[in-house]
Amino acid sequence: VVSAIIMAFEMQHRGLESGYMVRYDNYGQGTDSLWPGADEAFKISENVLGVFFTIELILKLIVQCKAFGKDIWNWIDVLIVGSWLVPAIA
């Protein structure tokens, strides 16, 4: 739930910045003045949640052992964590 809320705020942030960049009516300020530090907060929250989900996946793999591969949701988790982990370490 926390991840979804943060993503909603990030999408709002991007929408405000896009409106400012295309000079849409009533978008007279960039996000730097409206939400100072938001970019850094989003990066930090992405890393914290990424580490949390990676730890969760490792613990789930340890506990479930062979049963881990039988559940499709575990493979979806692997894809999600992998999509965060590869750019994070590169």
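Visitor: Hi! Is Asn74 buried or exposed?

Guide: Hello! Asn74 is buried, with a relative accessible area of 2%. Keep in mind that this is a predicted model.

Visitor: Which helix is Asn74 found in?

Guide: Asn74 is found in helix H4.

Visitor: And what is Asn74 in contact with, leaving aside its neighbours within four places in sequence?

Guide: With those neighbours set aside, Asn74 is in contact with Leu57, Lys60, Gln64, Ala67 and Phe68. Leu57, Lys60 and Gln64 are also among the H3 residues that meet H4.

Visitor: Before we go on, what is the mean pLDDT of the chain?

Guide: The chain has a mean pLDDT of 93, and 100% of its residues reach 70 or more.

Visitor: Where is confidence lowest and where is it highest?

Guide: Confidence is lowest in helix H2, residues 31-34, where the mean is 88. The highest value belongs to H3, at 96.

Visitor: Good to know. Back to the helices: how is a packed pair described?

Guide: Two packed helices are described by the angle between their axes together with the distance between those axes.

Visitor: OK, at what angle do H3 and H4 cross, and how close do their axes come?

Guide: Helix H3 covers residues 38-64 and helix H4 covers residues 72-89. Their axes come within 10 Å and cross at roughly 140 degrees. The crossing of H3 and H4 is left-handed.

Visitor: Which residues in H3 and H4 meet?

Guide: On the H3 side they are Glu46, Asn47, Gly50, Val51, Phe53, Thr54, Leu57, Lys60 and Gln64. On the H4 side they are Asn74, Asp77, Val78, Val81, Trp84 and Leu85. By class, this contact of H3 with H4 has 7 nonpolar, 5 polar and 3 charged residues.

Visitor: Let me pick one of those, Thr54. Is Thr54 buried or exposed?

Guide: Thr54 is in helix H3 and counts as buried, because its relative accessibility is 15% and the cut-off for buried is under 20%. Leaving aside neighbours within four places in sequence, Thr54 is in contact with Val81, Trp84 and Leu85.

Visitor: Now H1. How do the axes of H1 and H3 cross?

Guide: Helix H1 spans residues 2-21, and its axis comes within 11 Å of the H3 axis, with a crossing of roughly 155 degrees. That angle makes H1 roughly antiparallel to H3, since angles over 145 degrees count that way. The crossing of H1 and H3 is left-handed.

Visitor: What residues meet there?

Guide: Ser3, Ile6, Phe9, Glu10 and His13 in H1 meet Ala38, Asp39, Phe42, Ser45, Leu49 and Phe53 in H3. Sorted by class, the residues of this contact of H1 with H3 divide into 6 nonpolar, 3 polar and 2 charged. Phe53 is also listed among the H3 residues that meet H4.

Visitor: What about Arg14, how far is it from Asp39?

Guide: Arg14 and Asp39 are 9.7 Å apart in space, C-alpha to C-alpha, and 25 residues apart in sequence. Arg14 lies in helix H1 and counts as partly exposed, at 47% relative accessibility.

Visitor: And Asp71 and Tyr24, how far apart are they?

Guide: Asp71 and Tyr24 are 47 residues apart in sequence and 47 Å apart in space, C-alpha to C-alpha. Asp71 is in the loop between H3 and H4, and at 32% relative accessibility Asp71 counts as partly exposed.

Visitor: Switching to the backbone, what is phi for Asn26?

Guide: Asn26 has a positive phi of about 70 degrees, although it is not a glycine. Asn26 sits in the loop between H1 and H2 and is exposed, with a relative accessible area of 80%.

Visitor: Last one: what is phi of Cys65, and where does Cys65 lie?

Guide: Phi of Cys65 is near 45 degrees, a positive value in a residue other than glycine. Cys65 lies in the loop between H3 and H4.

Methods. Residues are numbered from 1 along each chain as its sequence is written. This is a predicted model: local features need pLDDT of at least 70, side-chain atom pairs count only at pLDDT 80 or more; totals for chains, interfaces and linings use all residues. Side-chain values use heavy atoms; hydrogens and water are left out. Axes are lines fitted to C-alpha atoms, for helices over the stretch in contact, and angles run from 0 to 180 degrees between N-to-C directions. Helices (H or I, at least four residues) and strands (E, at least two) are DSSP runs, numbered from the N terminus. A crossing is left-handed if the near helix is turned anticlockwise from the far one by less than a right angle, and right-handed if clockwise. Contact means heavy atoms within 4.5 Å. Ala, Val, Leu, Ile, Met, Phe, Trp, Tyr, Cys and Pro count as nonpolar, Asp, Glu, Lys and Arg as charged, and the others, Gly among them, as polar. Buried means under 20% relative accessible area, exposed over 50%, partly exposed in between (1.4 Å probe, protein chains only). Angles under 35 degrees count as roughly parallel, over 145 as roughly antiparallel, 65 to 115 as roughly perpendicular and the rest as oblique. pLDDT is the predictor's confidence in each residue, from 0 to 100.
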